[in-house]
Amino acid sequence: MKKFIYFSILSFFVLFCFPHVTVAAEKPIVIGAPLSTAFLYGWDAERGIKLAADEINAKGGVTVGGKKRPFAVEVIDTRDLEPGVPVSEALLALEKLILEKKVDFIVGGPVRSEAALAAMDLLNRHKKVSILTTGVLTPAYSKRVEDNYGKYKYCFRNTSHVGVMMNEFITMIEDLKKGHNFNKAYIMVQDVAHARGGGEAMKKALTSKGWTVIDMKIYPTGTVDYSVGLIDAGKNGAQILFLWMDMPESAVLLKQWSDMQLKCLPIGFVNAAEQPGFWKASGGRGEYLIVNLVNGGNAPAKITPWTMKFVEAYKKKWGLEPEGYGTSSSYMAVYQLKDAIEKANSLDPDKVIKGLEDSDIMGVYGRMRFDKKSHQIIPSFDPKEGAVTGIIQWQAGKRVQIFPPKLAEGKVLLPPWMK
Amino acid sequence: MEILVYGITNSIILSLMSLGFTLVYSISRVPNFAHGALYITTGYITWLLLNKFMGFPYPLAVISAIGITCVIGALIYRFILIRIRGMEISEIIATYAIGLAILEGLRWGGLRGMTFTLPTFVAGSMDILGINIDYQRIIIVGAGILTFLLLYLFTHFNRVGLALRGIAQDERAAMMLGIDSDMTAIVSLAIGSGLAGFAAILLLPLGNIIVEAGYNVLIFAIAVCVIGGLGSWGGTIVASFIIGFAQILTEKFLSSHYTMVVALLAIIITLLIKPSGIFGKQKELEERV
């Protein structure tokens, strides 16, 4: 009988106390990821965040208050990249993450500029530190932080914006001018704020550098025929075709350019041409296109020792190369957050903000540190100095890093019909 | 010259997008708001047959996909629309809901991203009247003209086609002559869906298969039909040419920025001047009164 009692007590202890040991493992630090998950900039960011969180958790987690705490990731679909979805949808999604899911930090989106700008007040109200990693290219985001630090200090961005990208484009196009005697450009952009802004800035910059800008065409989202513009570009002897579009229909433009064999090199920010599957999907007609992937590491490249490690880890986990913009930055944001929390030794927002401002790590696309006033990642053409872009050209079906020159793995190639 | 070449191409693309919508409405009086969804469905089925069932030849994949879309169209009428036929608001809500369910279902099921494409029938381009145009667009123009011709012959010299026209002209009189109204509606939904699918097979190789294209196709189909006159086949073709050329002229002489506005502006003007559309017969008498 005694044996039975001992056995029962032991069983009770094992059954009810042992699970408590597991549950008693440290409470996770919850990262909320508001992303437009049906789109490349959403799903690739989600994969980047989850990969980083898994890697950190596998190494024990984040050291805070003398304990190792794991990261948990809560993703919510903001739908803000879907046409016709109002900004309020993204704000509701973000608020749900904060109030219902009780997330500690925000990483990722909202993805569309309008939604991200509107979300800044929400982040301030709930005192949630956020690192924006994808989609939002407006310089207004970091400018707002700079202009009103006290209110928007919770907002960080570890990816680029139009102003930085413009400098990269101009430097690269000027190199082409020297190498190939180019001096005529044609601009085609989508009718959305960031693209129009990019097109206008490029027109002004090229003109000031002595280029002839033949015309700038603005196409409404959903346009499926670009023949008039392309014929115009061809007739007037354009040598550079500068594009800024994030609509899927831009694939039509590239196919038309290739079929017409226009004697101009397409360069730009073209969402449709970022994914590794683009070349096959375009039937090889995407060859020679130059695309800005915004940050290095969104395609295979040798920027820092971490770049290819990240690419390989991504391939191992998700079965394909990083697909485009938003991947490496989302991945790095989790590591930056870890670094800041450990520096702060707390989850207190003000301490973590200080931690992020002091954070300085060599990441996937160079040295990762935020400007203390604007909370914008500091860019550079040198990975030892700052965050480096990933400008690639499609060459024989592969995305080859061609800029900045220091990190180029291939030269810019011209289509045979341009020679 | 590019205005002529690309104006014709653009117009035929628009008429191909909207022909199925017009056909269904003219015969069954059902405004098929699932038209855009059926368009994308055909493209996606073809892509699946080509890429997931290795070795499926392109022509066979195309024929199978159009066939499947025809069946889907017929089933939509047989199991859903038949119960609400004649209730106009319910028809609109039901077809729009079906379209939404299909499109968002496709997105949920994996149709995301920009790498879903169909190969062009022939790659490359040639010069016509000094203007470079790709072979796929030339094929579209040829196929479009052939489709108009075949539809004309079908509805004027074929028993089924004549029955469809009979119902379109006067349903009660046609029924008195022994034509089954529901059966013709099923046939019209099947053919209309097939035409949406046929347009998809021709047009999707120009770009990529994306859910958003389904919504765009529906918008253009409605714009063309409102301007041409709901249910008027001739009106559809005329309206396609009006919008098609207006868009090219706008881009050439005004700004590419306004090309989408052209279609919407044309709808507003049509509704102000002649709400039944250029060739619309519906409620024409009431309008005159």
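Predicted model: local features only at pLDDT ≥ 70, side-chain atom pairs only at ≥ 80, totals over all residues.
Chain A contains 14 helices and 16 strands. Its C-alpha trace extends over about 100 × 45 × 40 Å along the principal axes. The radius of gyration of chain A is 24 Å, which agrees with the value near 22 Å that a compact globule of 419 residues would have. Chain B is made up of 12 helices and 2 strands. Read from the N terminus, the order of elements in chain B is α-α-α-α-β-β-α-α-α-α-α-α-α-α. The C-alpha trace of chain B spans about 55 × 45 × 35 Å along its principal axes. For chain B, with 289 residues, a compact globule would have a radius of gyration near 19 Å, and the value of 19 Å found for the chain agrees.

Two domains are assigned in chain A, and each is built from two sequence segments: domain 1 covers 29–160 + 302–368, and domain 2 covers 163–293 + 390–418. A separation of 29 Å is found between the C-alpha centres of domain 1 of chain A and domain 2 of chain A. The contact between these domains involves 15 residues of domain 1 of chain A and 14 residues of domain 2 of chain A. On the side of domain 1 of chain A that touches domain 2 of chain A, 8 residues are nonpolar, 4 are polar and 3 are charged.

Several local backbone features occur in chain A. The peptide bond between Gly109(A) and Pro110(A) is cis, with omega near 5 degrees. Pro110(A) belongs to the loop that joins strand 5 (105–108) and helix 4 (113–126) of chain A. A cis peptide bond also links Phe403(A) to Pro404(A), here with omega near 0 degrees. Pro404(A) is placed in the segment after strand 16 (398–403) of chain A. Arg79(A), although not a glycine, has a positive phi of about 60 degrees. This residue, Arg79(A), is located in the loop between strand 4 (71–77) and helix 3 (87–99) of chain A.

At the interface between the chains, 31 residues of chain A are in contact with 31 residues of chain B. On the side of chain A that touches chain B, the elements giving two or more residues are strand 9 (212–219), helix 9 (227–235), helix 10 (250–260) and helix 11 (278–281) of chain A. Helix 10 of chain A provides the largest share of this side, with 6 residues. The side of chain A that touches chain B comprises 16 nonpolar, 9 polar and 6 charged residues.

Helix 1 (residues 2–28) of chain B and helix 5 (residues 135–157) of chain B have axes that come within 9 Å and cross at roughly 50 degrees. This angle makes helix 1 of chain B oblique to helix 5 of chain B. The crossing of helix 1 of chain B past helix 5 of chain B is left-handed. In this contact, Ile8(B), Thr9(B), Ile12(B), Ile13(B), Ser15(B), Leu16(B) and Leu19(B) of helix 1 of chain B meet Arg137(B), Ile140(B), Val141(B), Gly144(B) and Thr147(B) of helix 5 of chain B. The contact of helix 1 of chain B with helix 5 of chain B has 7 nonpolar, 4 polar and 1 charged residues.

Helix 6 (residues 159–169) of chain B packs against helix 8 (residues 181–203) of chain B at an angle of about 110 degrees, and their axes are 10 Å apart. Angles of 65 to 115 degrees count as roughly perpendicular, and helix 6 of chain B and helix 8 of chain B are therefore assigned to that class. Val160(B), Ala163(B), Leu164(B) and Ile167(B) of helix 6 of chain B meet Ser181(B), Thr184(B), Val187(B) and Ser188(B) of helix 8 of chain B. By class, the residues of this contact are 5 nonpolar and 3 polar, with no charged residues.

Helix 9 (residues 211–228) of chain B and helix 10 (residues 233–254) of chain B pack at an angle of about 110 degrees, with an axis separation of 8 Å. Helix 9 of chain B and helix 10 of chain B are therefore also roughly perpendicular to each other. The crossing of helix 9 of chain B past helix 10 of chain B is right-handed. Helix 9 of chain B contributes Ala223(B), Val224(B), Cys225(B), Ile227(B) and Gly228(B) to the contact, and helix 10 of chain B contributes Gly235(B), Thr236(B), Val238(B), Ala239(B), Ser240(B), Ile242(B) and Ile243(B). The residues of the contact of helix 9 of chain B with helix 10 of chain B comprise 8 nonpolar, 4 polar and no charged.

Note on methods. Residues numbered from 1 in each chain as written. Chains lettered and ligands numbered in written order. Axes fitted to C-alpha atoms, helices over the stretch in contact; angles between N-to-C directions. Helix = DSSP H or I, 4+ residues; strand = E, 2+ residues; numbered from the N terminus. Parallel < 35°, antiparallel > 145°, perpendicular 65-115°, else oblique. Left-handed = near helix turned anticlockwise from the far one by under 90°. Contact = placed C-beta atoms within 7 Å. Nonpolar A, V, L, I, M, F, W, Y, C, P; charged D, E, K, R; others polar. Domains from an automatic or database assignment. Rg over C-alpha atoms; globule rule 2.2 N^0.38 Å.
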